[in-house]
Amino acid sequence: MDIIYGRNAVKAAIRSGRSIDKLIASKDLADPSVREILTLATQHHIPIVRADRRKLDSMTLPYGFNGKPANHQGVVAVTPARDYDSMDAIFALAEQRGEPPFIVLLDGVTDEGNFGSIIRSAEVLGAHGVVLGKRRSASLSAVAAKSSSGAADLIPIVKVTNLVATIEELKEKNIWTVAADPEGQDAHTVDMKGAIAIVIGSEGEGISRLVLEHCDFKARIPMKGQTGSLNAAVAAAVLMYEKIRQEIVK
């Protein structure tokens, strides 16, 4: 992953407005300089994780010398492989193509490999962008970028503070939201033509209750096997294809 370490470097990165996915701070530190950094992170809506110092040692080991970790001073900022885009970039791409907006929203997808795979499927299947929340989300790391096979540089990737607020904003633009949910109706019976946002939750917990309550429709993927579920990246690809199938079938 891409990181910034050391108190002055992390503080400067936050103040500059640089994209930061999360701040990791040693849980045994509570001095004024660390508290200042934590306050800055909170003001900029950056998720904070308190961790054992050994985790920070491990993260900065590649940047150290002679088998010792770099001098992280108890704080590490995790940064994306590239800057995130704005929602306007998604709408601009849809307008450029002369198509109704097609968006993928991710709620709690934390695996970076799955994240990258979803980005790849979204680009291949014609989505105009992928949106994820700041909390409980994977980072657009080198791993995610590699898993996307270059797609992360071809469509907008947006990180928002509040997914529920984003869904409400999409509704104001007449964009329906379809949640992937095992309690929903069969996906092929849900009308996905036109302006649509497909919402994908985490593999373990699915879509959070509040986000689910604000979605317009719930869609399930019919299954025959005994496993009972698909991984988040596969489920996302299936639902994205279902939208395309509905639009091309006369």
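N66 is exposed, because its relative accessible area is 67%, and an exposed residue is one with over 50%. In this predicted model, N66 is placed in the loop between α3 (53-60) and β4 (75-79). The phi of N66 is near 60 degrees, which is a positive value in a residue other than glycine. Most residues other than glycine have a negative phi.

Is H45 buried, partly exposed or exposed? With a relative accessibility of 44%, H45 counts as partly exposed, because that class lies between the 20% limit for buried residues and the 50% limit for exposed ones.

## The chain as a whole

The protein chain has 9 helices and 10 strands, and its C-alpha atoms fill a box of roughly 65 × 40 × 30 Å when this is taken along the principal axes. A compact globule of 250 residues would have a radius of gyration near 18 Å, and the 20 Å of the protein chain agrees with that value. Of the 250 residues in the protein chain, 47% are buried. When contacts between residues at least 6 apart in sequence are considered, 79% of them join residues that are at least 24 apart.

The protein chain exposes about 12600 Å², and carbon and sulfur atoms supply 50% of this area. As for charge, the protein chain carries 30 positive and 30 negative side chains, and the centres of these two sets lie 5 Å apart.

## The nonpolar cores

Which residues have the most contacts inside the largest nonpolar core? That core has 36 residues, and the ones with the most contacts inside it are V104, L106, F115, I119, V130, I157 and I200. At least two residues of this core come from each of β5 (102-107), α5 (112-124), β6 (129-133), β9 (196-201) and α9 (232-248). It is α9 that gives the most to this core, with 6 residues.

When neighbours within four places in sequence are left aside, F115 is in contact with L106, V109, V130, L132, A138, S139, L140, A144 and I157. There is also a second, separate core of 21 residues, which includes F91, A195, V199 and V211.

G116 has its place in helix α5, and G116 is buried because its relative accessible area is 0%, whereas a buried residue needs only to be under 20%. Apart from its neighbours within four places in sequence, G116 is in contact with A144, S147 and S148. The C-alpha atoms of G116 and L239 are 17 Å apart in space, and the two residues are 123 residues apart in sequence.

Where in the chain does S141 lie? S141 lies in the loop between β6 and α6 (142-147), and at 2% relative accessibility it counts as buried. If residues up to four places away in sequence are not counted, S141 touches A81 and E112. S141 and L61 are 80 residues apart along the chain, and their C-alpha atoms are separated by 18 Å.

Definitions and conventions. Residues are numbered from 1 along each chain as its sequence is written. This is a predicted model: local features need pLDDT of at least 70, side-chain atom pairs count only at pLDDT 80 or more; totals for chains, interfaces and linings use all residues. Side-chain values use heavy atoms; hydrogens and water are left out. A nonpolar core is a set of buried Ala, Val, Leu, Ile, Met, Phe, Trp, Tyr and Cys residues joined through side-chain atoms within 4.5 Å. Buried means under 20% relative accessible area, exposed over 50%, partly exposed in between (1.4 Å probe, protein chains only). Helices (H or I, at least four residues) and strands (E, at least two) are DSSP runs, numbered from the N terminus. Contact means heavy atoms within 4.5 Å. The radius of gyration is taken over C-alpha atoms; the globule rule is 2.2 Å times the number of residues to the power 0.38. Accessible areas come from the Shrake-Rupley method with a 1.4 Å probe; for residues, only the protein chains shown count as cover. Lys and Arg count as positive and Asp and Glu as negative; His and the chain ends are not counted. The place of a charge is taken as NZ of Lys, CZ of Arg, CG of Asp or CD of Glu.
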